[in-house]
Amino acid sequence: MDRKTCLITGASSGIGESLARLLIKDRWFVVGIARRTEKLEKLKEELGSNFLPITCDVSKSENIKNSSDFLKKQNIIPNLFFLNAGCGEIEDKFHTNIHRKTFETNYFGVINRIEEWIHHNSLATFAVISSLVAMHATPHASAYCASKAALKSCFQSLKSNILTVAQSLSP
Ligand SMILES: NC(=O)c1ccc[n+]([C@@H]2O[C@H](COP(=O)([O-])OP(=O)(O)OC[C@H]3O[C@@H](n4cnc5c(N)ncnc54)[C@H](OP(=O)(O)O)[C@@H]3O)[C@@H](O)[C@H]2O)c1
């Protein structure tokens, strides 16, 4: 498969949507992932056949597995994973559930996707979006700041693991 393919999570708005537009202009095939089907379908109308919308909640590991299996069955193997979907909320009061919910999307939503693909395409690039708050936490956002710091720290460590996996799989 010659065409360059990018899987973008959080493609229904903001940074993910903008990147989808840019890549398609640059002749990439883009798999756009988000929960809001209607936003993705509208984008499909605009971007055409090089945009494949998939409704998926990245906070649910079975959704990640199903969407990954679907792509593998179609032999759609992304070269680039732009794992951008993220959420955060202002915390009026401290609650563990806010942390769990935020981590399920911002942290495990990324980690689960990598697990699905890392051994399937050893040459793929995985890009994630952390935040400045990973370095300088802001008030009333402890869950969001912690999730972005965890992501940053995980990738700093994982970078060397991923290189090792890729090297050990190369001929
Ligand atoms: N904008 C900034 O200044 C800034 C700064 C630092 C970091 N970031 C990070 O950059 C990323 C994109 O931010 P943005 O500003 O473009 O925000 P945005 O416009 O709110 O976009 C967030 C995207 O994530 C998707 N999303 C959220 N939860 C999801 C879930 N459970 N499953 C699947 N998709 C989900 C949303 O789609 P649906 O609602 O349709 O699911 C949406 O497409 C985030 O990770 C954010 O934390 C942004």
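This is a predicted model: local features need pLDDT of at least 70, side-chain atom pairs count only at pLDDT 80 or more; totals for chains, interfaces and linings use all residues.
Visitor: Why is Arg-36 called partly exposed?

Guide: Arg-36, which is found in the loop between β2 and α2, has a relative accessible area of 39%. Buried means under 20% and exposed means over 50%, so a value of 39% puts Arg-36 in between, and it is called partly exposed.

Visitor: What makes Ser-12 and Ser-13 contacts of Arg-36?

Guide: Contact requires heavy atoms within 4.5 Å, and, once the neighbours within four places in sequence are left aside, Arg-36 is in contact with Ser-12 and Ser-13. A separate value concerns Cys-56, 20 residues from Arg-36 along the chain, where the C-alpha atoms of the two residues are separated by 8.5 Å.

Visitor: How do you know that β2 and β3 are paired strands?

Guide: Pairing asks for at least two bridges, and 5 bridges join β2 (residues 29–34) to β3 (residues 51–55), so the two strands count as paired, and they run parallel. Within this pair, Ile-33 stands opposite Ile-54 in β3. Together with helix α2 (residues 37–47), β2 and β3 make a right-handed β-α-β unit.

Visitor: Which strands pair with β4?

Guide: Strand β1 (residues 5–9) pairs with β4 in the parallel sense over 4 bridges, with Leu-7 opposite Phe-81.

Visitor: What makes both faces of β4 count as covered?

Guide: In a regular strand the side chains alternate between the two faces of the sheet. In β4 (residues 80–83), Leu-80 and Phe-82 lie on one side and Phe-81 and Leu-83 on the other, and all are buried, a word that calls for under 20% relative accessible area.

Visitor: Which residues of α4 are buried, and how do you know that they lie on the same side of the helix?

Guide: In α4 (residues 96–106) the buried residues are Ile-98, His-99, Thr-102, Phe-103, Thr-105 and Asn-106. They cover an arc of only 165° around the axis, and therefore they are on the same side of α4.

Visitor: How are α4 and α5 packed, and which residues make the contact?

Guide: Helix α4 packs against α5 (residues 108–117) at an angle of about 35°, with the axes 3 Å apart. The contact is made by Phe-103, Glu-104, Thr-105 and Asn-106 of α4 together with Phe-108, Gly-109 and Val-110 of α5. By class, this contact has 3 nonpolar, 3 polar and 1 charged residues, with Gly counted as polar.

How values were computed: Residues are numbered from 1 along each chain as its sequence is written. Side-chain values use heavy atoms; hydrogens and water are left out. A crossover is right-handed if, with the strands pointing away from the viewer, the path from the first strand over the helix to the second runs clockwise. Buried means under 20% relative accessible area, exposed over 50%, partly exposed in between (1.4 Å probe, protein chains only). The arc is that of the directions from the helix axis to the C-beta atoms. Axes are lines fitted to C-alpha atoms, for helices over the stretch in contact, and angles run from 0 to 180 degrees between N-to-C directions.
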